[in-house]
Amino acid sequence: MEETGVVIAGTNKEDAVSLLAEASGGGRALLTPSCTAALEMSALLLDIEPGDEVIMPSFTFVSTASAFVLRGGVPVFVDIRPDTLNIDESQIEQAITDRTKAIVVVHYAGVGCEMDAICRIAEKHKLPVIEDNAHGLFGKYRGKALGSFGSLATLSFHHTKNFSTGEGGALIVNDPDLMDRAEIIRDKGTNRSRFLKGMEEKYTWVDLGSSFLMSDLLVPVLEEQLRRADEIQAKRKAIWDRYASGLGEWAEEKGVSLPFVPEECESAWHLHYMQMPDHESRGELLDHLNERGHRATFHYLPLDRSPVGEKVGRSIDGCPVTQSVSSRLLRLPFHNGLEAEEQGRIVEAVKEWRG
Ligand SMILES: *Cc1c(COP(=O)(O)O)cnc(C)c1O
C-alpha cells in the first residue's frame with residue numbers, strides 16, 4: 001500500500017477512514033495504534049496540564065483515566081446510573097471546579113449515555129466532551145451516531161471489540177479547530193501530513209506529539225470488516241437477542257437483572273451482561289460456567305479504588321453504584337464467531353445453575 005494511502009485517506013468513499021467518519025456522524029477519523037493512543041492524543045489536544053481535572057466514570061477501562069494522568073491530570077470519578085451503567089449525568093455538575101478541563105463519557109456496552117443532559121452541562125460550563133466510544137461504534141442516541149456528540153471521540157479495534165485489527169483504534173475529531181493539530185500530534189509533532197499533501201515545502205517539528213499512527217498493514221483488515229458492518233452488527237444483535245429471550249424469564253425469577261436499553265438508544269451490541277443479586281452468586285455462576293468451558297468473566301474494577309486512582313484521583317461520594325455493580329456483574333461469552341448452538345448450551349448452563 002502506498003504510504004499516502006493512509007495519510008490522505010478519506011478520498012475514497014469505501015476506505016476505512018471514510019467509513020469510520022460516516023459511522024461516527026461525519027467527523028474526521030484518524031487511525032491510531034489503539035483507543036488508548038487516541039485518548040492520549042485527546043489529552044495533548046486539550047492541553048491537559050498538571051492539576052487539571054477531568055471528569056469521568058469510575059466504571060471504565062484504565063486507559064480512560066491513564067491517558068490524562070500521563071499529562072498530570074487529575075481524574076475526578078463520578079458514579080454510574082444503576083440502569084445503563086453509564087456515567088450518572090445528574091452527578092456531573094457537582095464534580096465541576098475551576099480546574100475542570102473536560103468531561104469524558106463512556107457508552108458502556110454500546111448503549112449511549114444521556115447526551116442531551118451531558119451536552120447541556122458541558123455547554124453551560126464551556127467544557128469539551130470526549131466520548132470514549134470503544135464500545136459504541138454504530139450505536140445511536142436519539143438517532144444520532146455515538147461519537148458525534150463530543151469535540152473528540154475515540155474508538156478501539158482491540159481483539160475484544162466488535163471490529164478488530166488485533167490492536168488498533170481511531171480518534172474522531174468533530175471540533176474543526178482541533179483537526180490540524182490532531183494530525184501534527186499523531187505524527188511526532190511534525191507537519192509531515194501537510195507536507196505530504198503538498199501544503200509545505202519541508203516538514204519540521206512544530207508541536208508536542210508522538211507516534212500515534214496505525215500500521216499501514218492493518219488498514220485493509222479494518223476496511224474489510226467495516227464494509228461488512230451491517231452483517232457483523234446484525235450477527236451481534238442476534239446474539240444479544242438470543243441471550244435476552246433465552247434468559248429473560250429465568251433472570252426475573254432469580255432476581256438477576258439483564259441489560260437495559262433506553263428508548264432513545266440504539267445499541268451497538270458490544271456486550272451482554274447480567275447483574276447478579278450479590279458477589280457470592282456472581283462467583284458461583286462464573287465458576288459454574290467456566291467449569292463447563294464457557295468463558296464468562298467479570299468486568300471493570302472501580303478505578304477510584306484502584307492503587308493509582310486512589311493516589312492521583314478524586315471520587316464523588318465514593319461511587320457506591322460502581323462498587324456494587326463491579327462486584328456483581330457477569331459478562332456472558334459474546335464474540336462474532338459465537339454460533340446459535342453453542343450459545344444455546346451457554347443459556348442452558350446458566351439456567352441449570354440453581355435451576
Ligand atoms: C477497550 C477499551 C479501551 C482501550 O482500547 P485499546 O484499543 O485496547 O487501547 C478504552 N476504553 C474502553 C471503554 C475500552 O473498552
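**Figure 1. Serine 156 and the ligand in a predicted model.** In this predicted model, an N or O atom in the side chain of serine 156 lies 2.7 Å from an oxygen atom of the ligand. On its own the ligand has 390 Å² of accessible area, and the protein covers 93% of this area.

Figure 2. Histidine 135 brings a polar side-chain atom to 2.8 Å from an oxygen atom of the ligand. Cysteine 35 takes part through its backbone instead, with an N or O atom placed 2.9 Å from an oxygen atom of the ligand.

**Figure 3. The shell of residues around the ligand.** There are 15 residues around the ligand, and those that come nearest are Thr36, Asp132, His135, Ser156 and Lys161.

Figure 4. Where in the protein does the ligand sit? The ligand is found in the largest pocket, and two of the residues already shown, His135 and Ser156, are among those that come nearest to the ligand.

**Figure 5. The two domains of the protein chain.** The protein chain is divided into domain 1, which covers residues 13–227, and domain 2, which covers residues 229–352. The contact between these domains takes 45 residues from domain 1 and 38 residues from domain 2. Taken over C-alpha atoms, the centres of domain 1 and domain 2 are separated by 25 Å.

Technical notes:
Residues are numbered from 1 along each chain as its sequence is written. This is a predicted model: local features need pLDDT of at least 70, side-chain atom pairs count only at pLDDT 80 or more; totals for chains, interfaces and linings use all residues. Side-chain values use heavy atoms; hydrogens and water are left out. A residue is near a molecule or strand if one of its heavy atoms lies within 4 Å of it. A polar contact is a pair of N or O atoms within 3.5 Å; within protein, one must be able to donate a hydrogen and the other to accept it, and residues adjacent in sequence count only if both atoms are side-chain atoms. Accessible areas come from the Shrake-Rupley method with a 1.4 Å probe; for residues, only the protein chains shown count as cover. On a 1 Å grid over the protein atoms alone, a cavity is a set of points where a 1.4 Å probe fits but cannot get out, and a pocket is an open set with protein on both sides within 12 Å along at least five of seven lines; lining residues have an atom within 4 Å of a point. A molecule sits in a cavity or pocket if more than half of its atoms lie within 2 Å of its grid points. Domain bounds come from an automatic or database domain assignment. Contact means heavy atoms within 4.5 Å.
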